[in-house]
Amino acid sequence: MTIVTRALLIVLALASGLNGQNTNPPVYVTLWFDTEDYLLPQDDDATKRLAEMLTRLGVRATFKIVGEKARVLESRGRRDVIAALKRHDIGYHTNTHSQQPTIAVYLQNAGWEDGRAEFYRREVQGVRDMKRIFGVTPVTYGQPGSAWAPQTYPALRDLGIGMYLDEADHVGIDDQPFYYGGMLNVLKMRSNLARMDLSGGASLANGKAAFTKTSEQLRSKGGGTISIYYHPNEWIQTEFWDGVNFRRGANPPRAEWKLPGTRPAAETEKAFQDFEQYVRFIKDQPGVKFVTATELKALYADTAMTRTFRQEDLVQIARFVQKDITFQTLDGYALSAADVFGLLTEAMAGVIERNAVPSAMKVTALDGPARVYTPPTGGTRSTSFRWTAFAQAVRETSAYCRSTRRVPDEIWVGSESLSPADYLATLAHTFDGMIASGKPPAEVIRREGHYTADRHVAQDSPALWGWVIFPEGFHAPRIMELARLQAWTLKPALLQR
Ligand SMILES: [Zn+2]
């Protein structure tokens with residue numbers, strides 16, 4: 001080995017040590033603003049000042065804008081504010097935010113398809129106005145207050161919005177980004193949420209210390225994302241614009257809407273100065289990078305969707321779901337229970353049709369079932385099925401998934417039905433056995449599935465719906481029941497390095 005070669009090897013070893021051994025795992029910070037006060041004109045100026053300050057600092061944030069706010073900016077002739085916002089990522093934060101009834105209230109008794117259609121009907125004009133005023137389709141959405149509901153996800157996809165960015169306790173995995181409802185979610189970030197107070201005094205010092213602690217903890221776990229959110233109105237209001245008018249279900253006519261109180265000018269000024277220092281501090285941290293919603297979508301791209309699955313992958317996946325029906329994290333990608341449902345159904349359908357597992361299996365994105373499984377009335381509950389009957393059920397299920405793009409509510413085997421979880425466990429067991437033996441069984445043994453993906457979904461309680469705009473005592477068990485069904489789609493989002 002020559003000296004030159006040896007020197008080169010040392011350089012390469014050093015470089016791989018820096019990059020490959022996670023000596024400094026990345027910390028991404030996503031800064032977002034719910035831009036929503038369409039009452040107080042001073043909010044327009046606060047929004048502009050924040051957008052321009054960040055541009056000057058070389059930081060791009062995500063502004064989730066209310067449709068009515070966008071229209072108000074337009075009608076007040078604030079092209080300057082719109083232009084300042086357009087330097088950042090544009091998100092959507094509903095058409096009217098807190099006007100009654102809010103999303104979770106009008107969806108509380110809705111089902112899956114009707115709820116999806118109703119959210120779309122109420123929101124489509126807001127998205128159209130956002131496109132007209134900002135010239136782009138909003139990249140992300142987040143709910144007002146805690147007015148979260150699973151039916152919003154397919155409607156958002158129909159509206160061209162493919163990411164969920166907010167903070168709420170309804171669903172999440174380990175305080176990091178995840179996939180749910182067919183899109184990336186940055187939602188239940190809790191311990192990875194950082195927010196400096198805007199109340200002067202020790203706010204800045206405390207905010208810096210809290211950020212340092214959060215980023216160090218995250219780095220010690222291998223890195224990830226920190227979420228920071230504000231509302232431009234926080235810089236100027238003594239109370240929220242909507243609480244003044246729509247508190248506890250109140251529904252005054254527009255002519256009676258009141259303006260919120262404003263903070264003394266010196267307080268507002270101090271809050272802006274502190275915030276600038278806070279952003280500068282974060283930007284200067286080594287290994288910390290501000291990212292927009294668009295950048296998060298790329299950083300957490302779902303590689304399972306582009307991957308090709310081979311027979312040995314499917315056997316491994318099938319063994320896992322016989323024990324637990326929830327997401328699986330494999331080598332650099334993750335699969336939801338719905339991903340596995342689709343993959344194994346298609347693989348088995350291939351075996352039935354062509355006597356072989358298809359060579360290039362891909363994941364098809366499926367939503368979860370639309371209603372809770374109810375066993376059929378009458379007849380008996382068989383402990384096994386004839387192969388021909390089960391094979392027919394698999395073909396039917398394959399056709400159903402292709403046409404509806406969701407996991408069926410029940411799977412019929414002749415005049416009997418299986419829950420989606422029992423079907424998947426039965427299918428996985430049968431598939432595993434067929435690959436091992438090379439032939440279909442005479443009889444398919446009915447297996448019981450253990451659906452556990454929903455343990456990452458919150459239980460319904462009034463505390464979960466703590467938003468001051470909801471009617472007193474509001475809670476929504478039906479929404480959370482649908483949320484548990486949609487946990488078929490849940491899986492962690494893995495950072496692509
Ligand atoms: Zn809001």
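Reader: How many cavities of 30 Å³ or more does the structure hold?

Author: The general idea is that rolling a probe the size of a water molecule over the atoms shows where empty space is left. In this predicted model, one cavity of 30 Å³ or more is found. The largest cavity contains about 40 Å³ of space.

Reader: Which residues line the largest cavity?

Author: The lining includes Y179, the run A301, D302, T303 and A304, and also G332, Y333 and A334. P492, A493, L494 and Q496 belong to the lining as well.

Reader: Let us turn to the metal. Which residues are the protein donors of the zinc ion?

Author: For metals in general, ideal angles are 109.5 degrees for four tetrahedral donors, and 90 or 180 degrees for six octahedral ones. Here the protein donors are E36, through OE, and H93 and H97, each through NE2, lying 2.1 Å from the zinc ion. Their spacing in sequence reads E-x56-H-x3-H. Both H93 and H97 are buried.

Reader: Where is N233 found, and why does N233 count as buried?

Author: N233 is located in the loop that runs between β7 (224-230) and α9 (243-246). N233 counts as buried because its relative accessibility is 0%, and buried means under 20%.

Reader: With which residues is N233 in contact, leaving aside its neighbours within four places in sequence?

Author: N233 is in contact with D34, E36, D37, D43, F240 and W241. One of these, E36, is also a donor of the zinc ion.

Methods:
Residues are numbered from 1 along each chain as its sequence is written. This is a predicted model: local features need pLDDT of at least 70, side-chain atom pairs count only at pLDDT 80 or more; totals for chains, interfaces and linings use all residues. Side-chain values use heavy atoms; hydrogens and water are left out. On a 1 Å grid over the protein atoms alone, a cavity is a set of points where a 1.4 Å probe fits but cannot get out, and a pocket is an open set with protein on both sides within 12 Å along at least five of seven lines; lining residues have an atom within 4 Å of a point. Grid points are joined across faces, edges and corners, and a volume is the space filled by probe spheres set on the points. Donors are N, O and S atoms within 2.8 Å of the metal (3.2 Å for Na, K and Ca); water is not among the atoms, so sites may look incomplete. Buried means under 20% relative accessible area, exposed over 50%, partly exposed in between (1.4 Å probe, protein chains only). Helices (H or I, at least four residues) and strands (E, at least two) are DSSP runs, numbered from the N terminus. Contact means heavy atoms within 4.5 Å.
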